[in-house]
Amino acid sequence: TEELHIFSLDDLVQVKRGLLLPLLKDILKASMLHVQNCELCQAKGFICEFCQNSDVLFPFQTAIAKRCKVCKACFHKQCFKSDGDCPKCQRIKARNQLLRTP
């Protein structure tokens, strides 16, 4: 199913038996390993434009990354100040102003 919050009866039985959490942890570990080693996945990540650190950030890394609500770009939590104030939003705003200027 495409729904994240719908569980089958089997899922609920696995939760009760303590089997679902280890399974999900294994899936998460394998997925994270794939993203770290996949060239295509790495290309879809973000570089923090504030500090220019070469670490690739992803929106699902909620412990270290924050996403601009306006443009959806990702930055380190400690670098990001406020939505709409990010470098990408500023570039978009400048480009739109240039397009409006006759």
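Reader: What share of the 102 residues in the protein is buried?

Author: Buried residues account for 21% of the 102 residues. Keep in mind that this is a predicted model.

Reader: Which elements make up the protein, and in what order along the sequence?

Author: The protein has four helices and four strands. Along the sequence they follow the pattern α-α-α-β-β-β-β-α. The radius of gyration is 19 Å, well over the 13 Å that the globule rule gives for 102 residues, so the protein is more spread out than a compact globule.

Reader: What does the C-alpha trace span along its principal axes?

Author: The C-alpha trace spans about 65 × 30 × 25 Å. As for contacts with a separation of 6 or more, 24% of them join residues 24 or more positions apart.

Reader: How is a pair of aromatic rings described?

Author: Rings pair if their centres lie within 6.5 Å, and planes under 30 degrees apart count as stacked. By this rule the protein has four aromatic pairs. One of them is formed by F58 and F60, with 5.3 Å centre to centre and 15° between the planes, hence stacked.

Reader: Which residues form an aromatic cluster?

Author: F50, F75 and F80 form one aromatic cluster.

Reader: Turning to the backbone, what is phi of Q52, and where does Q52 lie?

Author: Phi is a backbone angle to be read together with the residue type. For Q52, phi is near 60°, a positive value in a residue other than glycine. Q52 lies in the loop between β1 (46-47) and β2 (56-57). With 56% relative accessibility, Q52 counts as exposed.

Reader: And what is phi of K72, and where is K72 found?

Author: Phi of K72 is near 75°, again a positive value in a residue other than glycine. K72 is found in the loop between β3 (65-67) and β4 (74-76). K72 is partly exposed, its relative accessible area being 42%.

Terms used
Residues numbered from 1 in each chain as written. Predicted model: local features only at pLDDT ≥ 70, side-chain atom pairs only at ≥ 80, totals over all residues. Heavy atoms only, no water. Phe/Tyr/Trp six-rings, centres within 6.5 Å; stacked < 30°, edge-to-face > 60°. Helix = DSSP H or I, 4+ residues; strand = E, 2+ residues; numbered from the N terminus. Buried < 20%, exposed > 50% of the residue type's maximum accessible area, 1.4 Å probe, protein only. Rg over C-alpha atoms; globule rule 2.2 N^0.38 Å. Contact = heavy atoms within 4.5 Å.
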